[in-house]
Amino acid sequence: MRPFLLLFIIMPILEMWVLIRVGEEIGALPTIGLVLLTAVVGLALLKRQGLSTIMRAQQKMAVGELPAQEMAEGIFLAVGGALLLTPGFITDAIGFACLIPGIRHLFLGKLLSHVVVVRGPGYPPGSDHTRGSQSQPGQSQPGQSQPGQNRSHDVIEGDFKREDSDKDQR
């Protein structure tokens, strides 16, 4: 929480300082023009990249794949677009970094290497999630782990019912 608070305090101060310095060098109107130009160019790039990402996501969903990469790219694009609309050169630089595919994929590769995707009940048998198996207790289906095997992505499904003890009811 504190890093974000610091970021929201320090970033506007840095942006104002950079805007003042640039304004001293090239003048106020050209500085304002540059800020507006970066916003317009950034929004054009955002539109193009966003449409491309949506099309790839739709293609993956059409063949039954989970568009995890495209969803993460969409978040990066939204953040990049918001940063480009924020007046200032520092936020514009970060926003453009979110829109450049090579840099975005580099960040996403590092981010998605720490993410585990668990498929829910809407996916067909044969995917990573088996639903409605007819095995007896103690028997396993192909692709399922045996008890004691080390699989960090196992999912245990079940229902629960809360039962209060006699002490809690008094």
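Me: What makes a stretch of residues a helix here, and where is methionine 16 placed?
Reply: A helix is a DSSP run of H or I with at least four residues, and helices are numbered from the N terminus. In this predicted model, methionine 16 lies in helix H1, which covers residues 2-26.

Me: Which residues make the nonpolar surface patch?
Reply: Met16 is one of them, together with Leu5, Leu6, Ile9, Ile10, Ile13, Leu14 and Ile20, and the patch comes to about 770 Å².

Me: Why is the contact between glutamate 24 and arginine 21 called a salt bridge?
Reply: The closest N and O atoms of glutamate 24 and arginine 21 are 3.3 Å apart. The cut-off is 4 Å, so the pair counts as a salt bridge. Both residues lie in helix H1, 3 residues apart, or about one turn of the helix.

Me: What makes glutamate 70 and lysine 60 a salt bridge, and which helices hold them?
Reply: Their closest N and O atoms are 3.5 Å apart, which is within the 4 Å limit. Glutamate 70 is in helix H3 (residues 68-85) and lysine 60 in helix H2 (residues 28-62), so the pair ties together parts 10 residues apart in sequence.

Me: Which parts does the pair of arginine 104 and glutamate 73 tie together?
Reply: Arginine 104 forms a salt bridge with glutamate 73, with the closest N and O atoms 3.4 Å apart. Arginine 104 lies in helix H5 (residues 101-112) and glutamate 73 in helix H3, so the parts they tie together are 31 residues apart in sequence. Both arginine 104 and glutamate 73 are buried.

Me: Which residues are linked in a network of salt bridges?
Reply: The network links Arg56, Lys60, Glu70, Glu73 and Arg104. The structure holds 5 salt bridges.

Me: How do the residues of the lining of the second largest pocket divide?
Reply: The lining consists of Phe4, Leu7, Phe8, Met11, Leu83, Thr91 and Ile94. Of these, 6 are nonpolar, 1 is polar and none is charged. H1 gives the most, with 4 residues.

How values were computed: Residues numbered from 1 in each chain as written. Predicted model: local features only at pLDDT ≥ 70, side-chain atom pairs only at ≥ 80, totals over all residues. Heavy atoms only, no water. Patch = residues over 30% accessible without salt bridge, like charges linked within 9 Å, V, L, I, M, F, W, Y side chains within 5 Å. Areas by Shrake-Rupley, 256 points an atom, 1.4 Å probe, with all protein chains shown as cover. Salt bridge = Lys/Arg side-chain N within 4 Å of Asp/Glu carboxyl O. Helix = DSSP H or I, 4+ residues; strand = E, 2+ residues; numbered from the N terminus. 1 Å grid on protein atoms, 1.4 Å probe; cavity = no way out; pocket = protein on both sides within 12 Å on 5 of 7 lines; lining within 4 Å. Nonpolar A, V, L, I, M, F, W, Y, C, P; charged D, E, K, R; others polar. Buried < 20%, exposed > 50% of the residue type's maximum accessible area, 1.4 Å probe, protein only.
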